[in-house]
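I opened the model to look up a few of its helices. My entries follow the order in which I checked them.

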Amino acid sequence: MALESSTWRQLLGLLCLCLHWRAISAGYLEDNFPANSIEDASLTTLQLLAKYKYPGERHSVTTKDQYVLEMHRIARPGAKPVLLMHGLQDTSATWILMGPQSGLGYFLFDAGYDVWMGNARGNRYSRSHVELNPDSDKIFWSFSWHEIGFYDLPALIDAVLAKTGFKKLSYYGHSQGTTSFFVMASTRPEYNEKVHVMQALAPVAFMSHVKIPLHSLITSSLNILVDNYEMLPHSDLALTQCTTSAIRLQTCIYYIGQAVGKITQETNRTMLPVILGQLPGGSSAKQFKHYLQLHKSKRFCQYDFGRDNQRIYGRSTPPDYALERVTAPVGLYYGQNDYLAAVEDVQRLAKRLPNVVVNHMYPNKNFNHIDMMWGISARRIAQPKFLEVMQLWEAGGPQNVTEGGSPSPDVVSATVDLTDMTDQQVGKRKTPQLRVGRNMADDATEADVDDTAKLL
């Protein structure tokens, strides 16, 4: 009897601790971030669109290999279509999560476009198959970003063109959204003819110069996983664990910076709950492993199956992707603070692609892997240029621009290099960082973060 009483007291004590911990967590989050950001953290893509009074639609697309993808549309029937494709562990929400004053999806819709936002197989919106169950059939997860490029993108492009009646669309890809496009355009080159222009944001193909400090830890972790495995499914874990205190939040920011590039004043910290609530989006372990293979091999090639390469490819090593087949006009946009899309690797890619129409390294040295998507100055520095380049190539390129409609000089030449533009030319100026309440994560000192990082 005494033992039972002791057990119940322990359980009751544990329950009280859990409730106390949740109360502390909720208190820090609510005391330091606007209610609007906290609410957006838990909304789906369509719920975000509805909240901000934009016309959202859900569309289902089935690929040739029977995966069922969910595509989200900011509908403007009759307008020119544009397809946006997210990066690794991301979703369609990435294009709008920063709100109507910052999100690229909103910007393009307000500029008069019919905006379609894809979701790659395996993320929270595309965990579906005609026959396979992602929760019980491991074969569901037997894909990398090769299959996303070979099957998903063609299916999404065809669906958009069939629904809208247009023969071509414009394409934006971020990170993996660029990798998968290069896969599609090189292995299924007929799709080059369906794209006015491909805008590559933080493009990833070659990865010889990846700067991730945690690379060895990531590699060893992935080596113990089998290929057919779900990696980081969507949950609220990041939000609930990172927003319990200033030190925890700063530690999470530290590790995010270790992956994408140093976090700077470009990050709107009032929006951190939204980012942490929307990510991770979910993926296959093979997507990570395929990228690690690129880093190791210093090539842009198909998945390395080891001893099975001979059976699958008829050779001992996986074949390179034929980048010379990527004939669609391509704009390259990249930052100097990007640990994943290193400047040297993007410049190597630019030399291999046959039709680079913009090659732009941002002079703002703070731009990391995500800042042209979510950064405070993205709307001012990046998005107007995206729009100008897209409109130019929708009109057929510089040679078809009529008098009075001339584009700016830096998008006319098919071999233009914008890396030497001055800060004044791109409108760079100091932008105050938005804050609400106290200084949030800045309450923790750098020394605190270093000490915490050593313990985790």
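I counted a residue as buried when its relative accessible area was under 20%. The model is a predicted one.

Entry on H11. By that cut-off I found eleven of the 13 residues of H11 buried, so this helix is largely enclosed by the rest of the structure. The buried ones are Ala285, Lys286, Gln287, Phe288, Lys289, His290, Tyr291, Leu292, Gln293, Leu294 and His295. I then checked the length of H11, which covers residues 285–297. At 1.5 Å a residue it should span 18 Å, and its end C-alpha atoms are 18 Å apart, so the two agree. At the N-terminal end I noted Ser284 as a cap, with a side-chain oxygen 3.1 Å from the backbone nitrogen of Lys286. Just after the helix, Lys298 has a positive phi of about 60°.

Entry on H13. In this helix, residues 343–352, I listed Val343, Asp345, Val346, Leu349 and Ala350 as buried. Viewed down the axis of H13, they fall within an arc of 165°, so they line one face of the helix. I noted the general rule that an α-helix has 3.6 residues a turn, so residues three or four places apart point the same way. The buried residues of H13 pack against helix H6 (176–187) and strands S9 (330–334) and S10 (356–361).

Entry on H5 and H6. I found that the axes of H5 (residues 145–164) and H6 come within 8 Å and cross at roughly 80°. The two helices are therefore roughly perpendicular to each other. Residues of H5 that meet H6 include Trp145, Phe150 and Ile157; on the H6 side, Phe181 and Met184 are among those in contact.

Methods: Residues numbered from 1 in each chain as written. Predicted model: local features only at pLDDT ≥ 70, side-chain atom pairs only at ≥ 80, totals over all residues. Heavy atoms only, no water. Helix = DSSP H or I, 4+ residues; strand = E, 2+ residues; numbered from the N terminus. Expected span 1.5 Å × (residues − 1). Buried < 20%, exposed > 50% of the residue type's maximum accessible area, 1.4 Å probe, protein only. Polar contact = N/O pair within 3.5 Å; in protein donor to acceptor, adjacent residues only side chain to side chain. Arc of directions from axis to C-beta. Contact = heavy atoms within 4.5 Å. Axes fitted to C-alpha atoms, helices over the stretch in contact; angles between N-to-C directions. Parallel < 35°, antiparallel > 145°, perpendicular 65-115°, else oblique.
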